[in-house]
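Take a look at the model first, then try each task before reading its solution.

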Amino acid sequence: MSRRSSGTMLRACLVIFALVSALGVCGPALYSRFKTTLRFVDSKSSCPPCICDCPPPLSLLKIAPGLVNLSVIDCGSNDPDLKQEMEKQFVDLLTEELKLQEAVAEEHAHHMNITFGEAKRVASQYQREAEKCIDATETCEGARERAETLLIKERKITTIWEQRARQMGWEGE
């Protein structure tokens, strides 16, 4: 089997796998929708009207007779904490809500200040490290320049010595 036909075979297998996977995922939903559509069409023409002989729903009186006697006014009359809370003025409730929001805002600001201070400390540390790197780079650059200058001087001296040696009759390699 050649390489081209094996590639074609692989593609065909992948396409078949993709179709089977798509049908496996979408098939049940499509089948149930198709089935309910057929049932709906058939039910219009062949189904007689339903006759229900169901008992009436239970009333609240039969389920829990004690609940009928309660009213909103009586709610919490036996609980002094709840009664005190219900008697608070609307302004007091708003004031309390504002105080709670202020406390949350203060806590948020405190957390933000701590985070900001930590960020400043870390930034300062990075700045010091960067300055150390800059100083080390400048030192290395200066040493490189001095070494380069010394190398140039050494080459000049070597050239002068070679010229003198040649003038004296020395034969070099």
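Rings of Phe, Tyr and Trp (its six-membered ring) pair if their centres lie within 6.5 Å; planes under 30 degrees apart count as stacked, over 60 as edge-to-face and the rest as tilted. Keep in mind that this is a predicted model, where local features need pLDDT of at least 70, side-chain atom pairs count only at pLDDT 80 or more, and totals for chains, interfaces and linings use all residues. Residues are numbered from 1 along each chain as its sequence is written, and side-chain values use heavy atoms, without hydrogens and water.

**Exercise 1.** Find how many aromatic pairs the structure holds.

Solution. Apply the ring rule above, and you end up with 0 aromatic pairs. Now look for a charge over a ring (NZ of Lys or CZ of Arg within 6 Å of the ring centre and within 35 degrees of the ring normal). R164 sits over the face of W161, 5.6 Å from the ring centre.

**Exercise 2.** Work out the secondary structure of the protein.

Solution. Start with DSSP runs, numbered from the N terminus: helices are H or I, at least four residues, and strands are E, at least two. You get 4 helices and 0 strands. Along the sequence, that reads α-α-α-α.

Next, check pLDDT (the predictor's confidence in each residue, from 0 to 100). Its mean over the protein is 81, with 76% of residues at 70 or more. Confidence is lowest in helix α2 (residues 60–63), with a mean of 63, and highest in helix α4 (residues 90–167), at 93.
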